[in-house]
Amino acid sequence: MIVIVVAAIIGAMMGPALARNMSAGTLFVLFIVIIGGVIAFCVWALSSNKGAAKADAAAQADAKAFNTVPGKGRIYIVRRGFVAALQGMNVSLDGTHKAQIKSGQMLLADVAPGSHSIHVETAKTSLSKPADISVNVAEGQVVIISASLEMGAMKGSILLTETDPTVGRNDVQATNLMQWDAAAV
């Protein structure tokens, strides 16, 4: 944030003077270089994303009905929000289930009762700090974890929060179920 404020002040003070001293051609080239840099950064930031397979209609309907499997609990990991919406988040559940989700997507796992750990990091790991959360799941219980990204001055932070099921159901209804990577399960 400090870098942005300092750049804005310097740009406001020096920009008009520089613009008067530069030809139209030089300003055009400078504009193209700046726009090209922004586009190159966006391509770099999204280059580690990989597409996850969307679950079939039956799995989607089951997920949104909140049915639990006898003898198991259910964990939802839901991602919504605008901040870094296209940046993939790599999700790992107990080190065995792995997948990547973007905003508007969720993952679901039917798990044995007990403690389970979730690790999340952005696909481009240098853009944010990873996060971990442990949840206890009872038989027949539904646990909803909300994953979001909070932007910092130089690096974002992933936030994982256990959401109240009555509130979290709205997030589940508004997202698409993605499949875990077959090789990891």
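Which residues is Ile77 in contact with, leaving aside its neighbours within four places in sequence? I started my notes with this residue, working on a predicted model.

**Entry 1: Ile77**

I listed the contacts of Ile77 beyond four places in sequence and got Val91, Ile101, Gln105, Met106, Leu107, Ile118, Ile145 and Trp180. I then looked up the core. Ile77 and Ile118 are the residues with the most contacts inside the largest nonpolar core, which has 24 residues. Another core lies apart from it and has eleven residues, including Ala63, Val78, Val142 and Ile144.

**Entry 2: the whole chain**

I counted the secondary structure next and found four helices and ten strands. Along the sequence I read the pattern α-α-α-β-β-β-β-β-β-β-β-β-α-β. Of the 185 residues in the protein, 31% are buried. I also checked how far apart in sequence the contacting residues are. Taking contacts between residues at least 6 apart, I find that 69% join residues at least 24 apart.

**Entry 3: strand E1**

How many of the residues of E1 are buried? I find seven of its seven residues buried, so I wrote the strand down as mostly covered, with buried taken as under 20% relative accessible area. I sorted the side chains by direction. Gly73, Ile75, Ile77 and Arg79 point one way, while Arg74, Tyr76 and Val78 point the other way, and all are buried.

I then followed E1 to its partners. E1 and E4 run antiparallel and are joined by seven bridges; Ile75 has Ala109 in E4 as its bridge partner. E1 and E8 run parallel, with six bridges between them. On that side I noted Arg79, whose bridge partner in E8 is Ala147.

**Entry 4: the six-stranded sheet**

I traced the sheet that holds E1. It is open, has six strands in the order E6-E9-E8-E1-E4-E10, and its pairing is mixed. Strand E6 (128-129) and strand E10 (176-177) stand at the edges with a single partner strand each, so one side of each has no neighbour in the sheet. E8 (residues 142-150) pairs with E9 (residues 156-163) in the antiparallel sense over seven bridges, and Glu150 has Ser157 in E9 as its bridge partner.

**Entry 5: helix H4**

Where does H4 sit relative to the strands? I find H4 (residues 165-173) lying across E1 (73-79), E4 (105-111), E8 and E9, and running at about 65 degrees to E8. I looked up burial along this helix: Gly168, Asp171 and Val172 are buried. Seen down the axis, the buried residues of H4 fall within an arc of 100 degrees, so they line one face of the helix. Thr166 and Asn170, on the other side of H4, are exposed. For the packing, I noted that the buried residues of H4 pack against helix H3 (57-65), E1, E4, E8 and E9.

**Entry 6: the four-stranded sheet**

I turned to the other sheet in my notes. It is open, with four strands in the order E3-E2-E5-E7 and antiparallel pairing. Its edge strands are E3 (97-101) and E7 (131-137), each of which pairs on one side only. I noted an average twist of 20 degrees from one strand to the next. E2 (residues 89-93) runs antiparallel to E3, and five bridges join the two. Val91 stands opposite Ala99 in E3.

**Entry 7: aromatic rings**

How many aromatic pairs does a search of the whole structure find? I got one. The pair is Phe66 with Tyr76, and it is tilted: 5.1 Å centre to centre, with 45 degrees between the planes. I checked where the two rings sit in the chain. Phe66 is in the loop between H3 and E1, Tyr76 is in strand E1, and they are ten residues apart. I find both Phe66 and Tyr76 buried.

Note on methods
Residues numbered from 1 in each chain as written. Predicted model: local features only at pLDDT ≥ 70, side-chain atom pairs only at ≥ 80, totals over all residues. Heavy atoms only, no water. Pairing = 2+ DSSP bridges. Contact = heavy atoms within 4.5 Å. Axes fitted to C-alpha atoms, helices over the stretch in contact; angles between N-to-C directions. Buried < 20%, exposed > 50% of the residue type's maximum accessible area, 1.4 Å probe, protein only. Arc of directions from axis to C-beta. Core = buried A, V, L, I, M, F, W, Y, C linked by side-chain atoms within 4.5 Å. Phe/Tyr/Trp six-rings, centres within 6.5 Å; stacked < 30°, edge-to-face > 60°.
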